[in-house]
Amino acid sequence: MLRFVLRRVLYALPSLFGLLMVTFLLVRIVPADPAAVLAGDNATPQQIAAIRHQYGFDRPLTEQLALYLNQVMRFDFGESQYSHRAVGFDLRQRLPATLELTLAALVIATVLGIPLGVVAGVFHNRWPDFVVRVLSITGIAIASFWIAIMLQLLFAMQLGWLPLRGEMSSGIDPPPVVTHSLILDSLFAGRWDVFGDALRHLVLPAVTLSLGGLATITRFTRAGVLETLQKDFVLYERAVGYPKRRLIWVYVLRNSVIAAVTQIGLLFGSFIAGAVVVESIFDWPGIGNYTVQAILTADYKVMLAATLLIGLVYTLVNILTDLVHAWLDPRLWEQP
Amino acid sequence: MTGTPDLLELRDVSVRLGGQRRWLRPSVAPIQAVAAVSLRLRRGEILGLVGESGCGKTTLGRTILGLQRASDGEIRLDGEPVGDLSPKQARKRRKDIHYVHQDAAAALDPWWSIGRILEEGLAIQGLRSAAERRARVDHMLQAVGLEPGTRRRYPHELSGGQLRRVALARILVLRPRLIVLDEPTSGLDMSVQATVLNLLLELRGRFDLTYLFISHDLSVVERLCDRVAIMYLGRVVELAPTARLFARPRHPYTRALLAAVPRLDPHAARLSAAIEGEPPSAGRPPPGCVFSSRCRHAEPECREVMPELQDEAGHAVACRRWRDILPDDRHALAAGACDGPKPARRLGLAQ
Amino acid sequence: MLMLRKFARDVPAVIGLVIVLFALVVAIFGPWLAPYPGDIVASHLLQRLKPPSAAFPFGTDNLGRDMLSRVILGTRGALEVAVTVVVLAMAIGVPLGLVAGYRAGWLSETIMRVTDVFLALPQLILALALAQLLTPSLESAMLALALTYWPFFTRLVYAETRRLQASLFVDALRGIGASSGRILFAHILPNAISPVIVRATIGMGFTILVAAVLGFLGMGATPPAPDWGLTISESRNYLPSAWWYSTFPGLAILVTVLGFNLLGDGLRDFVDPRLRRSR
Amino acid sequence: MRAVATLSEPTPPEPRPTEPILQVRGLKLSIRTDEGLAAVLDHVDFALAGGHILGIVGESGCGKSTLVRAIVGILPARAMIEAGHIHFLGEDLLGLSEAELNGRVRGRAIGFVPQDPYLALNPVFKVGAQLLEIMRWHAPDRGRKNARRDHRMRLVELLRRVQLPDPEAALERYPHQFSGGQRQRLVIAAALACAPALVIADEPTTAVDVTTQQQILDLIRDLVEEFAFSMLFVTHDLGVVAQLCDDICVIYAGQTVESGPTRDVLAAPNHPYTRALLACHPERSDAFVGIPGVVPSPFRPPPGCRFAPRCTYALAVCPQRMPYLVGGPAGRKVDCVLAEIGAAA
């Protein structure tokens, strides 16, 4: 098992290196001149040349690469043109909010998605299956930014039940910053008012973000359950009189989830994409929102750093899902 | 050695599987799938290759075909060495040898019709004329006893017996001389097996074929094959003409195998298990004789050296004690694997 | 025949097919179907932000343009993006998957590692970044999406090819001396293509969604194009009063994507060789 | 013709228990499929005497597996039982509810040995957990104090009895870590765990090699004696039946064609199909003998006797004759018009 973990981590190294290379090359091989883009529309050739020199674009590629790797290792991505602070600092400060949001969405998606998928699979081709299928396929087809607006329209603007945007109501005194996660910080400070307020702010963005994942998890779980129900061991377990509930919710479920877990890891990418949109609509102070603003102002340093950071998180999440997968499936433990 | 050489000759052929070191992954322990096997196939004969699952019989078949490269030893076709080639070249040199898979359904592309599948082999051989391809395929479909209409059908529409015929026809249009048949009757009911086996016999005469018949079914081998080789853990432990092997098996493993076949005869004494346990893994064979770990006649010396396959009057056996153990075992074998007319035969009263 | 019968019985798939066909018709004949085809550019300030009525079933926008016409006229762009991106992504991804899956070795390892890297790249951010670097336009958005979508096809085709490589029928083909080219193109590719078709169909829906996001963030289509995402973005300033402004383009996206997804899901069961019948 | 009606070898009368533990009568079952209604079983009829091993023999596709599923009550959702009874220990299993079947029958009164234990054991749970789950719900002492510990001890004992090496450690291992023969021993132990009156084995030796098969058959034979249960043994191999079973019931295309004491039936088969089947057996012929024709499709079964189209003795009345078992001496029964004629003559 330890060997498996080690191998899986080692296996990710070339991917991470590739990630560095791609982000490095990306800016340098696009047909557009990055210096010209950076300099803006009305820049003189001298200004462009100056920027080119400032960023090192006029040096040999290998030298640029060495410089780049050196910077990355030190988590130094330069200063953002958009916030005029160090990009690394900005990202670090905003990551907890994004994690807060994505984790909340992931929890919603998993807690609802797996049981829904099981119910649909067990009632294959009967009405519960039909309802779940229609809902899940709609969930995937729905544009996150649109449903976000619709939810805002209904729950924030019309009904006024939940806050429209942001992480915290204005006029509240924020708790001392420890983790940059408002929920955790308010808990540490024992500020229940802030905690409740933060939770209320979290509901709409988290629900919006969870929809796509919820639909996906439901579908994969359903497919896994359907596949597992075809297996001989289910027939055997019925023949020897396992109670039906335990059969489904323990013995079938574990097999079904195995197939779903790796898929969920792969879909984490679209989860992050969703976070980018949802954060910018709900004005959530996470890296997604930050990155979009930076990209809109052509802040290429932030672009690179965010791409790298998210790629890194994606890779880590996939290692994690592979490990969960292996943990669930003992057949993988001693595989060559 | 005079006259024409044997069709196929294997000398000390060994095949090791796995064992490679892999990048970032634990290396795979090597498995000696085939160990120093020597065999001759004479023109027109049917040689049975018998053993239980995992004994290396399929690997040996694939090695003969060239799809698996032998790690050691020599393979001669018509006296010419054809060993030690890459799979691609090996297939070119050994185009007279063909292979029929055990699972006939899975060996056919599910999207292709039977007619296209059969013609494909001819196209690969460079037969340009579509009309001639068609004619040869129709002819062969008829030869294996399928309706001409079969050419328009798809694999999933045919029964198990029909699929075996298609698999045979597919190989036969290529005009092979030696066919490696991998468990051609497994999974077929007794009543269907017969038609396939009769077809094999008929085709052998008609097309001048030689068969290497890989099987675990002793009753089929007994009636079909001219000679039989018994394999255990990658080694041939006994090799003899069929009648002699079934009448007087020498190797304790062969005798255990024969005794294990459940017999119809209700008067036959119920035998207790002749051997205990299950074969050890091919990755960790016991020291000395590969069968020593399960052999009740094994002596300490048996666990030291693997005995060679030694021929005596055309009956070869790889056991150092076969002479000692033969007589005392007569009674245990009385169930039918021994000499004389089988007791069961006396009941043959149907039809 | 059996295939058609089976497909016809799958109601959701038929609904999906109908939606997709309808979307295609609307995309092709949009200018003739729309009540006010001139409303791509025209503005009628006197009828700004009118709620749905008989004259304007979907209401009007901030420039008094008919929302129904703009939703209809936006269909073509959405489908164009979807088809272009998926075809481009397939053109890159499928051959790479085939090559990587056919033979294990350094080439295969390299391709799959690169694919992993591209999968790890955040698609939306990369698309946004590329669109920004190449100047924001529909074309750069499409290119960016294709460049981030191909790894999905590579992975899929790779897995299928590997599975088929190990299958008995490919082994049998090698046995009768079939060349690599024949095995790859006459046997593996047709067998692997069905999941690719399914993936492509669902990918169309997915691409429409991502393209809408790009439009929404202002990195795709540019005004006054009747792009659905862009329209929703513009409508945010007129909420909550002009609810129709954002609702109808969103519904258009939903229905179109739903159509592709339903169809793709249905095709999954439909592309099965066992449904082939000689008679 | 005479050979049909009379037995070539009279059997000595054996004292046999009269009360059958399991009796299937006139079972008729169809399954709705995409391609139409499949008449899988049509008049299956047999009785299993207490303490006996009854072999159900038939070729692939004859409905053996469906029969087993019908007895245990785990038929596919689209199967319909159209007629017949399954009497087990005095009650009709077809009349029991799902809850009753799970509460009193499956795993408890009826043990089950599957065809391929590799596929039948859940790959992601420890073997011990899977077997103890059966005992947890069905063992006679379930719910008592320390029941779990007792179950564990009893299971280890059983595994030792079925000659599984290192039974304690085996509980902590996963199915893929055992060999084929060991897995077969595991499921046999599982079948016996709750002291059932009947064990149903569905082709339990098809997936193993011949030497292992012999070991398993020997084991089963000993266990039947030692644990005093009755057994329904489904197989396609007449040799296995001859070696193991007291009685035999031959099924062709979903119909019982012949039943009786194994010894007598194999020595002098009465039904043309049984005879043809035996004639294919290597011990009965040196040449390769098959049965001409093919098994009829369950979607369009021939009317009357389903073997008639392939039968060399078929008469004009065969397609009209409804399935009906004619009783003979010494517990023999045969479903053939020839036997009827012979019995009347």
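Strand 6 and strand 7 (residues 198-202) of chain D pair in the parallel sense over four bridges; strands are DSSP runs of E with at least two residues, helices are runs of H or I with at least four, both numbered from the N terminus, and pairing requires at least two DSSP bridges. The model is predicted, with local features needing pLDDT of at least 70 and side-chain atom pairs pLDDT 80 or more, while totals for chains, interfaces and linings use all residues. Residues are numbered from 1 along each chain as its sequence is written, and chains are lettered from A and ligands numbered from 1 in the order of writing.

D:Phe112 has D:Ile200, in strand 7 of chain D, as its bridge partner. In chain D, an open sheet of eight strands has the order 6-7-8-3-9-10-12-11, with mixed pairing. Strand 6 (110-113) and strand 11 (326-327) of chain D are at the edges with a single partner strand each, so one side of each lacks a neighbour in the sheet.

Between chain C and chain A, 40 residues of each are in contact, that is, with C-beta atoms within 7 Å. Helix 10 of chain C supplies the largest share of its side, ten residues.

Conventions: Two residues are in contact if their C-beta atoms, placed from the backbone, lie within 7 Å.
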